[in-house]
Amino acid sequence: MHAIIRCQGKGLLHMNDDPRKPIMSLRNVDMYYEIKRGLLKQPARIGAVVDVSLDIHEGEVLAVVGESGCGKTTLGNVIIGMLKPTRGQILYNGKDLSQMTRQELKEFRSSVQLVQQDSYAALNPVKTLYHSLCGPVLHKKLARNKAEALKMVHEALDMVEISHEELDKYPHELSGGQRQRILMARAILMRPKLIVADEPVSMIDVSLRISILNLMAKLNKTLNIAFVYITHDFGTARYIARNGNICIMYLGKMVEYGNVQRVLEHPSHPYLQALLTAVPVPDPEIAKKKRNLPLKSIEMPSVAAPPPGCRFHPRCPYSVDICETEEPVLLEHNEGLCACHRVKELPQWSLRADR
Amino acid sequence: MTPKNIIEVRDLTVEFKKPKGSLLAVNHVDFDLREGSVTALVGESGSGKTTLAFTMLNIVNTTGKILSGSVNYNGTDVLKLKGEQLRRYRWKEISMIFQSAQSSLNPLMTIQQHFWETYLVHEPEADEKKVIPRFFRLLEDVMLDPDRVLKLYPHELSGGMKQRVMIAFSMLLSPRVIILDEPTTALDVITQDYIFSILDKIHNETGISMLLLTHDIGVVAKVADRIAVMYAGRIVEVGDIFTVFRHTAHPYAKALITTAPSLLDTDKDKEPIKGSPPDLIDLPPGCAFHPRCPYATEVCREKCPALTMIGEDHYVACHNSLPGKGAAAYE
């Protein structure tokens, strides 16, 4: 169901048959950081995100999963327009971000919101929650007066299931789970079309994680807000994005993309197969079965000096000569996308087969 | 045959004085560490698992005070050890890998200096040339290249390598128990899997007892053969890993196990535990879990349940899961 066309000879453009139109599209986006190493030395260029093309549809939940240093947080910051990519286009409702007028950019900034990992750092510690929540509403002129703003804030608090009395408190008086809900409330007050949630539950007590994930699912359903859920945890990614898509990143590049259930049950890329082998499952009868990691080396290469050819080849058990010299592009495979030269010849791998 | 306990904690209470009042991080806890087992101590942040582990090495911070109880290691009460005796006991009998192994290494010392310094304190007569082969073997056990690693400073190692160095380091004096406090929390899953395969190998070869502190149910299921669940300073359920997972008796343990998002779950909604973890300074009366518990009854609000045996190697502290009383959590 996917049609793929060549895009100016650089990478591939993925056209989805999804009837919903994409609200955001990334086209061959690169984000390089320059690290100065001294006066006379050339600065090092670190490709945090390299050649990523992605569509995010209205009301979709997209999970972006990868290990630390794979560029998932940078990708999130590029999507919300906080970082200007070194190459490539970001389209919001078909319009290029870099061509937008001031007014359009203002609207874009309201429509795409970010929820960060560290809820304590994301709230001003010397302001009460009333100020943190009403401030943006008044600043953006979403309400005519304070009373109307307060009414909107109360509605948002009802949505995230926080009692109205908490408004007079300071961030340190709330628990981590409550603060994360406040961040969600602050995001939905802007009437967004898309929320980028960067590891929203990794700093929360385990017993509260499910309730935050359920809240995100509720906002997605009732307000039709699309979510980009950035995480390193496959369990929560599968839970929240069960009807959506997943994008796997490795050293700045997208290596696999597709429907969550299909990709996780039958992963195509050798890297994803290795990752899934290593994920511990909360069931002792399954988890205790011995499985060998299909990997040649466990050390992750440095992002500053990625290996030539396929970035995964030094660790890949299936690598051949072509993997060392030529970088694979994302190609359609098994109703998704996968960047691997040998994807068609690899043995079938199933999540449950050897469990 | 009754299994032998290498550590027996009895009626242990640790208090921290706070400006708002006193906080019991560990509240009348009885706990056994079976010889040769891998026991996981599971709980959320603030449940007291680290404090409980600290008492086993007698390293509770100075603001903390041990109000009652004993920690028995092979017939000696660890809490009564002093000075030189205590110094000999630590690391030689029980070693610990701390939560941030990354920062447990001295940045100004090479790995070899770390190993040698510790060795020398315990074996003052030792000859460095003679023990270096031992350092080599320990590092080879954790799949590191000793020729290279021994000369390096901590900042030259990656997170996973530092963690492996710490594992080798904890084995330096061949202790009989290792305590691992969230050993893989900051690491990626592939490195985590690898570290546990190394620990598994060490465990199989030496029969060392391990106490693993974690909040990750997936890790517990994979590594441990016994599990103890802590909530608000008390142990609420202990037992064999298969028994506890199959017949979870405490509502909190049950929720913790069933709500952990799993890679293998496809399409189920999960019911979260309502409420939030209690304030340890102002604990609810009776069972500390009762405000969040769906099965709470009158007795839960008044009386704190004691840890009771409900099956072979299966203990639980809950009024409603006891046989003949409804066994609410048994479905």
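**Close-up views of a predicted two-chain model**

**View 1. A149(A) in helix α5 of chain A.** A149(A) has 0% relative accessibility, so this residue counts as buried. The model shown here is predicted. A149(A) lies in helix α5, which covers residues 146-159 of chain A. Beyond its neighbours within four places in sequence, A149(A) is in contact with C134(A), V137(A), L138(A) and A143(A). One of these contacts, L138(A), is eleven residues away along the chain. The C-alpha atoms of A149(A) and L138(A) are 6.8 Å apart.

**View 2. K253(A) in strand β12 of chain A.** Strand β12 takes in residues 253-259 of chain A, and K253(A) belongs to this strand. K253(A) counts as buried because its relative accessibility is 16%, and buried means under 20%. The K253(A) side chain makes a polar contact with the side chain of E327(A), at 3.1 Å. With neighbours within four places in sequence left aside, K253(A) is in contact with V50(A), I248(A), R311(A) and E327(A).

**View 3. Helix α7 of chain A.** Helix α7(A) runs over residues 206-223. Its 18 residues should span 26 Å at 1.5 Å a residue, and the end C-alpha atoms are 26 Å apart, so the two values agree. The buried residues of α7(A) include V206(A), S207(A), L208(A), R209(A), I210(A), S211(A), I212(A) and L213(A). Further along α7(A), L215(A), M216(A), L219(A) and N220(A) are also buried. Just after the helix, N224(A) takes a positive phi of about 55°.

**View 4. The interface of chain A and chain B.** The contact takes 47 residues from chain A and 47 residues from chain B. About 3,800 Å² is buried between the two chains. Carbon and sulfur atoms give 62% of that area. Three salt bridges are found across the interface. R242(A) forms a salt bridge with D269(B), with the closest N and O atoms 3.0 Å apart.

**View 5. The side of chain A that touches chain B.** The elements that give two or more residues to this side are α7 (206-223), α8 (234-240), α9 (260-265), α10 (270-278) and α11 (284-287) of chain A. Helix α7(A) gives the most, with eight residues. By class, this side of chain A has 24 nonpolar, eight polar and 15 charged residues.

Note on methods:
Residues numbered from 1 in each chain as written. Chains lettered and ligands numbered in written order. Predicted model: local features only at pLDDT ≥ 70, side-chain atom pairs only at ≥ 80, totals over all residues. Heavy atoms only, no water. Contact = heavy atoms within 4.5 Å. Buried area = accessible area lost by both parts, 1.4 Å probe. Salt bridge = Lys/Arg side-chain N within 4 Å of Asp/Glu carboxyl O. Helix = DSSP H or I, 4+ residues; strand = E, 2+ residues; numbered from the N terminus. Nonpolar A, V, L, I, M, F, W, Y, C, P; charged D, E, K, R; others polar. Expected span 1.5 Å × (residues − 1). Buried < 20%, exposed > 50% of the residue type's maximum accessible area, 1.4 Å probe, protein only. Polar contact = N/O pair within 3.5 Å; in protein donor to acceptor, adjacent residues only side chain to side chain.
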